Each structure stands twice: as C-alpha cells, then as structure tokens.
Amino acid sequence: MLSREENELLIQTGAGTPAGDYFRRYWLPALLASEVPAPDCPPVRVRMLGENLVAFRDTQGRVGLVDEACPHRRASLFWGRNEECGLRCVYHGWKYDVEGACVDMPNEPPEYGFDNKVRITAYPTQEQGGVVWAYMGPPEHMPELPKLEWARVPESHRHVSKRHQETNYLQAIEGGIDSSHTNFLHASVDAFRLTDEYVEKVKHSTNLRAKYHILDKSPRFTVKKTGYGLIIAARRNAEEDAYYWRLTQFLLPSHTIIPYQKGFPIHGHCWVPRDDQTCWVWTISWNPDGPLSEEEWESIRQETFVHAKVEPVTFRPVRNRDNDYLIDREQQRTSSMTGIQGFAAQDMAIQESMGANVDRTRERLGTSDTAIIATRRLLLQEIRALQERQEPFAAHHGDIYWVRSCSMVLKRDVPFDEGARELTLAEV
C-alpha cells in the first residue's frame with residue numbers, strides 16, 4: 001500500500017512534476033514512423049506527458065515535434081501546411097522549422113524582424129525500430145537511445161503497435177509485470193478448472209507455458225535489481241526435482257519484456273504517459289532469428305495475444321469501455337474466463353475498471369504482488385534521486401538494455417540467475 005503522497009508522486013507526470021522530470025530524462029516512443037510516412041505529409045497530433053504537440057516530416061525527411069499551439073494567437077498547428085522545410089500556421093502564415101525557429105512571418109513588415117525573435121517549443125527526435133523517439137528533457141542531459149533488441153532487428157522481424165489506454169501509466173505497468181494474473185485473466189475455463197482433458201492435452205506440449213504455467217496457480221516471486229531496472233522471476237512447480245521459471249525484464253523508465261521460450265517470438269511493452277489519466281501502450285513482437293512467420297502475423301491480426309485492433313486516427317482500441325470490450329457472455333460461460341477476445345483487451349478491461357487513477361491507499365497486497373511493490377519502490381527511489389540532482393544511471397548507459405526475458409525449467413538446486421545467465425543476453 002502506498003501513501004497518498006507517494007501515489008501522487010508516481011502518477012503525476014506533467015511538466016515540472018518530479019515524475020514528469022524523470023520521464024523527460026529518457027528517450028520515449030512518441031509516434032509510429034508510419035504516421036508521418038513521407039516528406040511534407042500532413043502533420044499529426046501527439047499528446048504525451050500532458051503536452052499537446054504536433055509531429056511533421058519536413059521536405060528533407062526530418063521529423064519535427066513541436067508545441068501544437070502557434071505562439072502568435074494560439075491556433076492549432078495541426079491545421080498547418082507542411083511545406084518547404086517548415087510547418088506553416090494557416091491563420092496568419094507564420095512558419096516553423098523542426099527546431100522550433102520561426103522562419104517566415106508574412107503578415108509582419110520585414111523591417112521589424114519579428115521572425116528572428118519568435119520560437120516554438122520543439123523537441124529532438126530520432127527514428128529507430130519503426131518508431132519516432134522524442135527527448136523532452138534538458139538539452140545538457142540528453143542521453144543516448146536505449147539499445148533495445150527489437151529496435152535493432154530488420155523490419156521484417158518485428159511488429160510494433162500502439163494503443164490509447166484510459167488509465168494512468170502505472171496501472172498499465174503493474175498489469176504487465178504481474179505474472180500471477182495470467183493464470184486467471186488470460187486462461188480458458190478448462191485451464192482454470194484443470195479438467196482431465198486439458199491436463200492430458202498439455203502433458204506432452206513443447207510449449208513450457210502451456211505445460212507448466214497453468215498447472216501451478218500460485219507462483220513464488222524473486223526480484224533482483226539491475227542497472228537497467230529489475231529482473232522479476234516467477235517460480236512454479238514442474239517435475240518433482242525441477243521448477244519452471246519465468247523471467248520478466250522491467251527496464252526503466254517503463255519498458256517490459258514478457259517471458260519467452262526459444263523458438264517463439266519475443267513480446268514486450270512500453271508505457272508512455274499521455275497525461276495523468278491516460279497512457280500510450282506500445283506493444284512489440286519480434287523474432288531475432290528471422291522474419292515473423294505467417295502464423296505469427298495471423299496471431300497479430302486476430303488479436304489472440306498482445307496486440308489490439310485500433311481506430312486508425314485516435315488509436316483507441318475497437319474493443320473499449322464504451323462497448324464493454326465486446327464481451328461474449330456465452331463464451332465466458334463455456335470457454336473463456338472473461339469472454340473478451342485477446343490478452344490486450346482483457347488487460348485493458350480490468351485495468352480501466354479500476355478507474356483512471358486507482359486509489360492505492362486502499363489496496364491489500366500479498367506475496368504475489370512482490371514485483372509490483374519492488375517496481376514502485378524503484379521508481380520512487382529514481383524520482384527522489386533526481387530531485388536530489390542525481391541523474392538516472394540507466395538513461396545514460398544505453399548498452400545495458402541489450403537483454404531478453406526467458407522461461408526455462410531448472411533443477412531445484414540451480415539458482416535462476418545462474419541458469420538464465422546466457423538466455424537473458426540479446427545476441428549480437
């Protein structure tokens with residue numbers, strides 16, 4: 001349980017807030033590169049960390065990310081003309097380049113030189129992994145991009161999506177690192193009930209999650225701090241002399257890598273605050289060894305796992321709170337614990353049901369919440385350290401993000417970190 005003051009310290013991310021300052025020390029996913037597909041294409045709205053921004057790709061292919069409001073009369077630059085290396089406000093013609101400089105002011109007499117005195121807030125961007133990343137912090141503290149494996153593999157090896165979720169970012173993170181909920185929220189009715197038919201079906205499965213995960217509903221957690229965040233180890237019983245381990249990577253400020261098994265795609269998330277009530281959920285699937293297969297693409301298209309179908313402009317999921325996530329009560333009665341299709345929609349339904357900002361002072365946490373408690377403590381430590389002028393270590397050491405998650409079966413006398421040492425390193 002958190003105090004009200006601690007809760008507010010964690011979830012308030014607007015400009016000038018401690019958590020807002022902390023997030024602004026990192027490069028964050030701002031938009032898909034495909035949202036600004038070509039030079040001089042239409043600008044798009046971007047909201048992150050409580051700021052309303054506009055992104056555009058200029059004539060030279062550079063991506064600008066600027067304040068949405070023109071500093072002249074505060075009209076929206078979303079309506080602007082993207083032309084000749086700048087975004088022109090259609091109200092009075094003022095034009096801004098990707099660095100925020102006003103390069104043309106046609107309604108003012110040139111002898112006054114007003115255009116040289118006007119700037120708009122502009123943030124640096126970089127493109128990597130099909131994503132436009134933004135840095136919104138002090139220029140003198142700008143770090144390198146994190147060395148994330150999914151962002152370095154060829155385009156054919158990955159799929160990146162984003163969606164708008166109507167909760168604070170922390171609620172979404174806490175759902176992502178909670179390994180015990182998958183035994184219930186994402187289970188079939190047969191798996192939950194452990195019917196004879198289900199147990200027989202998974203007994204000889206090569207998929208470790210199918211074989212062991214559902215059979216032990218109360219995992220034991222161990223959390224270890226790393227330079228980039230946390231390793232969250234969930235231990236379940238396997239054979240009499242072995243444990244099944246699932247290791248989740250939590251990477252500061254808000255990335256995770258879901259436990260995976262060699263031979264299957266890797267999945268991960270990054271949660272970026274939109275404001276204090278909503279967030280962007282970035283979801284990535286990738287195969288470091290080759291292109292995603294047709295079967296894997298079909299899983300993405302059918303929302304059977306971590307991705308969700310979204311409205312193309314707002315990125316709000318098609319399954320959302322207004323339509324009860326298209327719940328099928330008959331399916332819930334006969335085959336699915338929730339009656340909601342897809343892990344993403346299932347997670348969103350539960351997390352949004354808590355309200356935009358859950359009251360953490362009223363929680364009753366248990367041992368299954370070990371990872372959630374550790375993550376809150378880590379973020380509080382990081383935010384408070386920055387308040388004391390200690391810059392985040394992870395932000396300035398991008399190479400330490402070159403890691404993977406894993407799942408494995410180990411003899412009971414083998415420590416998980418020893419057994420996972422090679423599995424958790426991304427391959428060069």
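Strand β3 and strand β4 (residues 63–67) run antiparallel and are joined by 5 bridges. Strands here are DSSP runs of E with at least two residues, and helices are DSSP runs of H or I with at least four, numbered from the N terminus. Two strands count as paired if DSSP finds at least two bridges between them. Within this pair, Arg 57 has Val 63 in β4 as its bridge partner.

The model is predicted: local features need pLDDT of at least 70, side-chain atom pairs count only at pLDDT 80 or more, and totals for chains, interfaces and linings use all residues. Residues are numbered from 1 along each chain as its sequence is written, and side-chain values use heavy atoms, with hydrogens and water left out.

Now widen the view to the sheet. Strands of a sheet pair through backbone hydrogen bonds, either parallel or antiparallel. β3 and β4 belong to an open sheet of 4 strands, with the order β2-β3-β4-β9 and antiparallel pairing. β2 and β9 (122–123) stand at the edges with a single partner strand each, so one side of each has no neighbour in the sheet.

Follow β2 next. β2 pairs with strand β3 (residues 51–57) in the antiparallel sense, over 5 bridges. Val 44 stands opposite Ala 55 in β3. The two strands form a hairpin with 2 residues between them. Leu 49, in the turn, has a positive phi of about 55°. Side chains alternate along β2 (residues 44–48). Val 44, Val 46 and Met 48 point to one face and are buried. Buried means under 20% relative accessible area, exposed means over 50%, and partly exposed lies in between (1.4 Å probe, protein chains only).

Step back to the loop between β1 (27–32) and β2, where Asp 40 sits. Phi of Asp 40 is near 65°, a positive value in a residue other than glycine. Asp 40 is partly exposed, with a relative accessible area of 31%.

A further open sheet has 4 strands in the order β5-β6-β7-β8, with antiparallel pairing. Its edge strands are β5 (81–82) and β8 (102–104), each pairing on one side only. β5 runs antiparallel to strand β6 (residues 87–88), and 2 bridges join them. Asn 82 stands opposite Leu 87 in β6. The loop between β5 and β6 holds Glu 84. Glu 84 is not a glycine, yet its phi is positive, at about 50°. Its relative accessibility is 62%, so Glu 84 counts as exposed.

Turn to the helices. Two packed helices are described by the angle between their axes and the distance between the axes. Helix α4 (residues 169–176) packs with helix α11 (residues 370–387) at an angle of about 135°, with their axes 9 Å apart. That makes α4 oblique to α11. Axes are lines fitted to C-alpha atoms over the stretch in contact, and angles run from 0 to 180 degrees between N-to-C directions. Under 35 degrees is roughly parallel, over 145 roughly antiparallel, 65 to 115 roughly perpendicular, and the rest oblique.

Which residues of α4 meet α11? They are Tyr 169, Leu 170, Ile 173 and Glu 174. On α11 they meet Ile 372, Thr 375, Arg 376 and Leu 379 (contact means heavy atoms within 4.5 Å).

Leu 252 and Pro 253 are joined by a cis peptide bond, with omega about 5°. Pro 253 is found in the loop between β15 (242–251) and β16 (255–257).
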